Amino acid sequence: MLETFHLHKDWKLVSVLRCTNDHVVLSLKNIQNGVPEIAKVISKRKFDNRVHHILSHLSDSNLLTEKRMRSSHSWVMIHYPMLNPLRDYVHDQGMTLSEILYLAENISEAVTSLHEHNLLHLDISPDNIFQDDDGNFLLGDFSNTRRADKKGSLTTITPYYTAPECKEGNPSFASDQYSLAMLLFVLLHDGSVPESEHGDLSRFLSRQQKKHTATDVQHPIDDVHPMGTPYPAVLYTHFEKALSPEPSARYPDVTSFVSDIQSCLKPLCEDSDYRLQPVDRDHPFYQIHTIEISPRHNFHFPTLLPEKVQAKKIYASLGLASLIMSLLFGKILSSQIHMSQNRNVKTATTSFSDHAEVTASANHPDSEHPEDLRERDNEPFCNVLDISNKQANTLAELLREEDISSGWNILYGENNAFSSLEELAEFPHIQELYLSGNRITSLQALCSLSELQTLILSDNCCTDLMPISSLPRLTVLDLSGNRDLSQVDCLQQLQDLRLLILTDTSVPLISIQTLQAAIPDCEIVY
């Protein structure tokens, strides 16, 4: 339980590229020869050995497979070659129609190879396409990959690209076809996703087809494409089929779909002046990324999210990734994680739980946490209350009357100046509290919160934990950065605790070992 997973001495950490609830993606450089690589660290609880065994034995040149793997008692680290991501290639070089069709062929072969081995990729998107030195396009990132006979909802999706049945727990071979079709549509239309009517893409595509009567590929209609690039109307018939909301209505396989697309567009390549190259990094093509979904938070992601959601309300959930990172480097990342995104390094203060969200640091006071969407019948519904980054001295300063009367049970109150939490005694149904970066000394008000499951108190001034020692449902407790904290014996009563973070405290090792013996099922990071 107390094992530490260190980077090998030959490798230097360059940046953290991605954190999710079950894995971390790192950019590394070999100290000896300077060769860069990508490493993914995965909790063994989330690692499917059968899937990995199949992937490691595939020889398809269009699949970005591992170079090596290292395993420990609790974690595995998989190394991959560092290749040029599709988004960077598009931004720097642009893509012609011929290159897009070549990509379609390469990725179709990769998907077919997976399907022949009874595997589903389930996350085909611009994030997971790469180009090698020979100009070939490869499909990578197998975080969502599973055997075709395995059902159940995904824990991560990519808005726009994920097939609707995946969100219902029924992924199939046709789901990969849907994602590939959406990717090709985006590449062929200046990086923009198709319009929708309440998430119904078929209506939009059908309108495009009916709007134009020409079907002869040699004489396409000029105004089908918004930029004037000539596409035949039949192209939208192919997309309508592959993007059908019903998996059974799609093509029998991805090869058939790509074959139709190529037959339709290859005759145009010589004369087409189309070039995909969105320069602005704020363009939706660069902003739509894989995100985690939490069933407990009841997030509803339609097939197409509203535009305002694209960049502002897509947050990566860290959860157990924080634990992975702490085991990698011997300390918890409760202060700052530097994440490379679109070549710009951004800083985020992290909260740790199975359902935690990335929150903006105090340097970004306008940031917000994603709130649950209101119910479709427009009844008032509030699950999350965010009062972070206000620099208030008390909760009372921030709790408006409507906040007090609403039914929230998750509170984000990070980066304020709270010293006590007396007002919380009035809210016995709170389940999650994120209160890092305050000045909290007294926890007395929390003793009555019998529903509390997640408590994040990093970077405060706590010393007496007795008030929370009898909370029956507490499973995640982050006390990192409470430098004067030295006594944790009372936490032995928390038999349901599964994650306890004690880095940057004054708790002696002997006390931690005693506590670990008392609650052996708890991961203790120190």
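1. At what angle do helix α4 and helix α6 pack, and how far apart are their axes? In this predicted model, where local features need pLDDT of at least 70, side-chain atom pairs count only at pLDDT 80 or more, and totals for chains, interfaces and linings use all residues, the answer is an angle of about 145° with the axes 9 Å apart, for α4 (residues 173-188) and α6 (residues 234-242). Residues are numbered from 1 along each chain as its sequence is written, and side-chain values use heavy atoms, with hydrogens and water left out.

2. Axes here are lines fitted to C-alpha atoms, for helices over the stretch in contact, and angles run from 0 to 180 degrees between N-to-C directions; helices are DSSP runs (H or I, at least four residues), as are strands (E, at least two), numbered from the N terminus.

3. On the α4 side, Gln177, Tyr178, Ala181, Leu184, Phe185 and Leu188 meet Tyr236, Phe239 and Ala242 of α6.

4. Three strands form an open sheet in the order β6-β9-β10, with antiparallel pairing (two strands pair if DSSP finds at least two bridges between them). Its edge strands, each pairing on one side only, are β6 (84-85) and β10 (137-139). Between β6 and strand β9 (residues 129-131) there are two bridges in the antiparallel sense, and asparagine 84 stands opposite glutamine 131 in β9.

Terms used
Contact means heavy atoms within 4.5 Å.
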